[in-house]
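Here are my notes on the model you sent over, as numbered points. Have the structure open while you read.

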Amino acid sequence: MFYKMNIAGLERELPLCALNDDLYIAGFVMFSDVEITEACAKALLEKAPEDFDVIVTAESKGIPLAYEMARQSGKNYVVLRKEPKLYMVDVIRTTVDSITTAHVQTLCLGSLEAEFIRDKKVVIVDDVISTGGSLASMEKLLNKVGCEVVAKMAVLAEGDAIERPDIIYLEELPLFNSDGTPKK
């Protein structure tokens with residue numbers, strides 16, 4: 001089963017994926033789709049606040065979007081990693097519980113990246129915001145660092161995220177019944 005939708009002026013068919021017997025989500029993956037990544041970055045930048053310094057995303061599905069938004073805007077971007085890497089020192093961590101991952105994960109940032117974004121105006125970007133768990137974890141980590149989150153953006157908002165006034169997104173993505181029909 002697929003859900004056909006228009007995203008940033010481009011039509012895509014998203015596969016429906018079961019979260020449980022009664023709830024399906026449409027899988028939106030920007031990896032390998034340069035055309036959609038470029039179009040979504042452009043459309044989000046048009047909605048972004050004029051005054052920001054850095055784009056931040058969580059590993060991994062938001063990375064192509066953050067990179068392309070940085071390239072188009074001339075700003076830098078920072079990736080919150082899922083686990084510490086050898087180059088990271090004095091790691092700052094928080095946990096994240098996402099509906100698309102089977103277990104609780106960690107988000108972390110090394111002191112060099114933390115110093116780079118300290119006191120900066122930050123735009124958080126992600127591919128999809130649903131429950132807001134990943135977004136809350138990113139905000140918690142960024143608050144520890146001392147930067148100002150000036151916007152929270154995503155290509156798609158689904159579920160409760162659609163009603164959140166603090167999120168900027170391009171399109172609404174419904175949740176689905178097991179027969180592929182959108183939930184009301």
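Is Asn 6 buried, exposed or partly exposed? Point 2 has the answer.

1. Ground rules. This is a predicted model, so local features are taken only at pLDDT of at least 70 and side-chain atom pairs only at pLDDT 80 or more, while totals for chains, interfaces and linings use all residues. Residue numbers run from 1 along each chain as its sequence is written, and side-chain values use heavy atoms, with hydrogens and water left out.

2. Asn 6. Asn 6 is partly exposed, because its relative accessible area is 40%. (Buried means under 20%, exposed over 50% and partly exposed in between, with a 1.4 Å probe and protein chains only.) Asn 6 sits in strand 1; helices here are DSSP runs of H or I with at least four residues, strands are E runs of at least two, and both are numbered from the N terminus. Setting aside neighbours within four places in sequence, Asn 6 is in contact with Glu 11 and Glu 171, where contact means heavy atoms within 4.5 Å. A polar atom of the Asn 6 side chain lies 3.1 Å from the backbone nitrogen of Gly 9. Also have a look at Leu 170: it is 164 residues from Asn 6 in sequence, yet the C-alpha atoms are 9.9 Å apart.

3. Overall layout. The protein has four helices and 10 strands, in the order β-β-β-α-β-α-β-β-β-α-β-α-β-β. Its C-alpha trace spans about 50 × 35 × 30 Å along the principal axes. The radius of gyration is 16 Å, which agrees with the value near 16 Å for a compact globule of 184 residues. (That radius is taken over C-alpha atoms, and the globule rule is 2.2 Å times the number of residues to the power 0.38.)

4. Of the 184 residues, 46% are buried. Among contacts with a separation of 6 or more, 58% are between residues 24 or more positions apart.

5. Helix 2. The buried residues of helix 2 are Pro 64, Leu 65, Ala 66, Glu 68, Met 69 and Ala 70. What do they pack against? The partners are helix 1 (34-47), strand 4, strand 5, strand 8 (121-129) and strand 9 (148-158). Just after helix 2, Gly 74 takes a positive phi of about 80°.

6. Arg 81. You'll find Arg 81 in the loop between strand 5 (76-80) and strand 6 (92-96). Is this arginine, Arg 81, buried or exposed? Arg 81 counts as buried because its relative accessible area is 18%. Its side chain makes a polar contact of 3.2 Å with that of Tyr 87. (A polar contact is a pair of N or O atoms within 3.5 Å; within protein, one must be able to donate a hydrogen and the other to accept it, and residues adjacent in sequence count only if both atoms are side-chain atoms.) Beyond four places in sequence, Arg 81 touches Glu 59, Tyr 87, Met 88, Thr 106, Leu 107 and Cys 108.

7. Gly 110 and Asp 90. Gly 110 lies in the loop between strand 7 (105-109) and helix 3 (111-117), and its 0% relative accessibility makes it buried. Apart from residues up to four places away in sequence, Gly 110 touches Met 88, Val 89, Asp 90 and Val 91. Asp 90 is in the loop between strand 5 and strand 6 and is exposed, with a relative accessible area of 63%.

8. Backbone spots to check. The peptide bond from Glu 59 to Ser 60 is cis, with omega near 15°, and Ser 60 is in the loop between strand 4 (54-58) and helix 2 (63-73). Asp 90 has a positive phi of about 50° without being a glycine. Ala 8 also is not a glycine and has a positive phi of about 50°; Ala 8 belongs to the loop between strand 1 (2-7) and strand 2 and is partly exposed at 25% relative accessible area.
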